[in-house]
Amino acid sequence: MAEVSSGFFAEDRVVLPQGGPLYLQLKRWIEDAIRRGDIQAGDALPSERDLAAKVDVSRVTVRKAVLQLVKDGVLVQRHGSGTFVAPQAPRVEQSLSQLTSFTEDMARRGMAVRAEWLERGLYLPSPEETVILGLSSGEQVARISRLRLTGDTPLAIERASLSARIVPDPEAIGDSLYRHLDKSGNRPIRAIQRIRAANLNEQDAQLLQVAVGSAGLNIERTSYLASGRVIEFTRSVYRGDTYDFVAELRLGDSPASGDKA
Ligand code: 16G
């Protein structure tokens, strides 16, 4: 971890970017320094008083800028030890036209992934699970909730429900749910995915190590077997600062479209 008094903050001259209220100028100055790599993830910021003196602004201005940066997930405050540059998550592009698993997606990018289990077991299904998974009366549901990470950086939370007939022993699932389903010939071949913007609630923000209220993506995936039976219903929460979902669009088949030559 960088020394507070060394490096970037020890430089003599501070020139704030011009325009807008002072706290926003200070905020941009810090963001620019992070973008250039002058200060990096884990580096400590000087104390509020030192930063105010250094930049020649009031402590209220520093507080406002820092609070905003904490809210944006750029800085993190640790009680009793100070303010630090937040870990920068890698940005990941995911195709919206391929039915892939998280493990496969990341392996294709050469990224090692792991999962922390949040919940795993057999339960009485909720009415929603009964309807979506087409469960018969008395049938249990297997719920598996995981935090998906690359290294120490959390990327997504996945909360999946499957019929207990397909997954009678959730403890037997290894690193990949789809690999587990594949073994019993139950890997989905089609899925419908719904993506919605969301501001992360306290629980999810804490798991994903970002500020409460940061931008996130709520994704619901309903996956089907070749028979048409629903195999998986998963609600995922992805960090908004790490994911780009990319779809390839083609000209439709309407009579007015297409190349007539
Ligand atoms: C993806 C799916 C999720 C599926 C998981 C299986 C989205 C939004 N979600 O993350 O529904 O359960 O892959 O991954 O893409 P696994 O085989 O690595 O456990």
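Phe 8, Phe 9 and Trp 29 form one aromatic cluster, where rings of Phe, Tyr and Trp (the six-membered ring of the latter) are taken to pair if their centres lie within 6.5 Å, with planes under 30 degrees apart counted as stacked, over 60 as edge-to-face and the rest as tilted. The structure is a predicted model, in which local features need pLDDT of at least 70 and side-chain atom pairs count only at pLDDT 80 or more, while totals for chains, interfaces and linings use all residues. Residues are numbered from 1 along each chain as its sequence is written, and side-chain values use heavy atoms, with hydrogens and water left out.

By the ring criterion, the count comes to four aromatic pairs. One of these, between Phe 9 and Trp 29, is edge-to-face, with 6.0 Å from centre to centre and 75° between the planes. Because Phe 9 lies in the segment before helix 1 and Trp 29 in helix 1, the pair ties together parts that are 20 residues apart in sequence; helices (H or I, at least four residues) and strands (E, at least two) are DSSP runs numbered from the N terminus. Phe 9 counts as buried at 6% relative accessibility, and Trp 29 is likewise buried, with a relative accessible area of 9%, the term buried denoting under 20% relative accessible area, exposed over 50% and partly exposed the range in between (1.4 Å probe, protein chains only). The rings of Tyr 238 and Phe 245 have centres 5.7 Å apart and planes at 75°, so this pair is edge-to-face, and both residues are buried.

Helix 1 comprises 15 residues (residues 22–36), which at 1.5 Å a residue should span 21 Å, in agreement with the 21 Å that separates its end C-alpha atoms; the expected span is 1.5 Å times one less than the number of residues. Among the buried residues of helix 1 are Tyr 23, Leu 26, Ile 30 and Ile 34, and the elements that cover its buried residues include helix 2 (48–55), helix 3 (59–71) and strand 2 (82–85). Just after helix 1, Gly 37 takes a positive phi of about 85°.

Ser 176, placed in the loop between strand 6 (153–163) and helix 6 (177–183), is buried with a relative accessible area of 5%. Leaving aside neighbours within four places in sequence, Ser 176 is in contact (heavy atoms within 4.5 Å) with Ser 101, Thr 103 and Arg 146.
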